Amino acid sequence: MKPRLIAVIAIIAVLAAGSAYAASTDPNTFVFVTFGEVDSLDPAYCYDTASGEIIHQLYDNLIAYKGSSLDELIPMLATEVPSVENGLASADGTVFRFPIRKGVKFHSGHVLTPEDVEYSFERAMLVDPDGGPVWMFFEPLLGVFSLRDVVEMAGGDPNFEDASALSPEVVQKVYDLVDATVEVEGDSVVFKLANPYPPFLQILAKGGSWSSIVSKEWMTANGDWDGQPTSWPKWHNPAKEDMTLYSKANGTGPFKLNVWDTATGQVIFDRFDDYWQGAAKLERVVVKYVDEPSTRLLMIKTGDADAALIQAMYLDQVRGVEGIVVEERLPVIANTALIFNYSIPIEGNEDIVGSGQLDGKGIPSDFFNDLHVRRAFCMAFDYDTYINEVALGAGSKPVGPAPSSLPYVDATKPWYDFDLKAAAEEFKQAFNGELWEKGFQLTLLYNTGNDQRKTAAEILEFNIEQINPKFKVDVRGMEWATYLDRLRSSALPVFFLGWHMDFPDVHNFYMPYLHSTGDFSGFCGDNMVAMAKQYFDDLIEAGIKTTDPEERAAIYGLLQKRAKDLAASMYYIDSEDHRVYRDWVKGFVYNPAYSANYDFYSVWKEVK
């Protein structure tokens, strides 16, 4: 398509979008244009930033970060932050008591109770959707990683296919184990941990959608778990569309859901006038999903959007533009990686893996189970070019799975360098030389609209195809929701994902990336799980249980070395962040713990 025609289409799209909601000159309406649509609005299921962006506005947590700080926590739905000094935390770090705020209303009109808090956490653990965030409750509270582990603790078969088939005795015991971790005592809720867990309070803080508080009475009335000890199997690990909060919301947050309109690609939420901290200044917020970067750029330039997600590679087009604020080099504890599936399913996946054989027309199931293939990919990526020319310097080369800004990461231990000769030698050793002789065809997928990941894929495509003319790489975009669905079914042979911290601790990177029960292990196949159990699990578990700094440093140093030696994934940038908004936007507060780009409660507009 010719550039002029692209521009005309972009202008038409902006005019059409402008007719769908109030213009940005309306001081009461905020329009944010981004990409990557919502996957689910259920806090127990959501584990992506696009969904977290919306949940952040609709729900509250027990506690919150103060301003931009990652170190100072303040009360929210709890009236105090537990500490040893105020008597609400035990000296051994295993008991935390939260007095619950009175008089707080949900959007439905129900009034918050301590029972709602207990229900929110127990319901999440008993639902425990595959690939979800609930491991962050299981690990500190029960010392395990999933409800299947709890079933095993209760004497049941952890490999059950349907929780409803578990014996009544196991069902009751599972509930008892979960119930004992979160208890209502008077006007307070008490969490009882299996072991000391240094970042436990951060897991509960605002910014983590998984710790959002829901209404027990409303959830039950709308067909969710009724809170009874023996009925939970009916709600365990449902399809996301079958979950009560998939497309509904009922929180205590400053905004209430108006509509999630998948047809027009937007979410609209309205001010909740009975919000316990006082009504927001904005009356309405529209989050519009637009994959085309030129359209997002045009909308922010013309003022049809108050804020826009503009990737670093396009920032030159908004820097210095009158009326636009560009805040750059914002600190963020996050990275992005190309992650390998070690056991790729072939049947039903032919559009990505081709023949499924080592015959030059596809890739076999165990393609990335070969260490030489993984190392070759790590050596075929031009890290410096990506960081300097695509990210425009907004980031740094990783040294391993965890960003070097975190404690216990050794920044003196380098990651792989870009080296096509070394990559060729690794490819020659793969599959005992057979891969070099026969070649392969591989599809690299990225989420549509994410041009930085598209370019990263194209860098690999160009470099790998230079190494051997028998190596063919196809770069293809896929809608975000579809991408996530195929990811959760372990169907992607290799995939790009960014990891934004759940809580500011090195454990929050080693656990999801490298533990056999981590968030990515289910996407990476049985061979990766086996490798994790052999080389990583014991160290990762030891690292979070000790509070000795020297011991933690030694453990994470060894983990960092093993991650490189085994080329577990291709970590290619430790990120920095930025925001682009109109100069009439006021009150923006950046916190690196938030998956949301904006906390709309703190924001208002001064339109001249």
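**Reading the labels on this structure**

Student: Why is serine 231 called buried?
Tutor: Serine 231 has a relative accessibility of 17%, so it counts as buried. Buried means under 20% relative accessible area, exposed means over 50%, and partly exposed lies in between (1.4 Å probe, protein chains only). This is a predicted model: local features need pLDDT of at least 70, side-chain atom pairs count only at pLDDT 80 or more, and totals for chains, interfaces and linings use all residues. Residues are numbered from 1 along each chain as its sequence is written, and side-chain values use heavy atoms, with hydrogens and water left out.

Student: Where does serine 231 lie?
Tutor: Serine 231 is in the loop between α8 (216–221) and β7 (255–261). Helices (H or I, at least four residues) and strands (E, at least two) are DSSP runs, numbered from the N terminus.

Student: Which residues does serine 231 touch, not counting those up to four places away in sequence?
Tutor: Serine 231 touches Trp225 and Asp226 on that count. A contact means heavy atoms within 4.5 Å.

Student: What makes aspartate 485 and lysine 240 a salt bridge?
Tutor: Their closest N and O atoms are 3.0 Å apart. A salt bridge needs a side-chain nitrogen of Lys or Arg within 4 Å of a carboxyl oxygen of Asp or Glu, so the pair qualifies. The pair links distant parts of the chain: aspartate 485 sits in helix α16 (residues 480–488), and lysine 240 in the loop between α8 and β7, 245 residues apart.

Student: How do you know whether lysine 240 is buried or exposed?
Tutor: Lysine 240 has 6% relative accessibility, so it counts as buried. Aspartate 485 has 35%, so it counts as partly exposed.

Student: Why are aspartate 565 and lysine 561 separated by about one helical turn?
Tutor: They are 4 residues apart in helix α20 (residues 549–565), which means about one helical turn between them.

Student: How much space lies in the largest pocket?
Tutor: About 940 Å³. On a 1 Å grid over the protein atoms alone, a pocket is an open set of points with protein on both sides within 12 Å along at least five of seven lines, while a cavity is a set where a 1.4 Å probe fits but cannot get out; lining residues have an atom within 4 Å of a point. Points are joined across faces, edges and corners, and the volume is the space filled by probe spheres set on them.

Student: What lines the largest pocket?
Tutor: The lining has 29 residues, and Arg148, Ser516, Thr517, Ser521 and Gly522 lie nearest the centre. The largest share, 7 residues, comes from α18.

Student: How many cavities of 30 Å³ or more does the structure hold?
Tutor: It holds 5 of them. The second largest cavity has a volume of about 60 Å³. Among the residues lining the second largest cavity are His56, Lys206 and Ser595.
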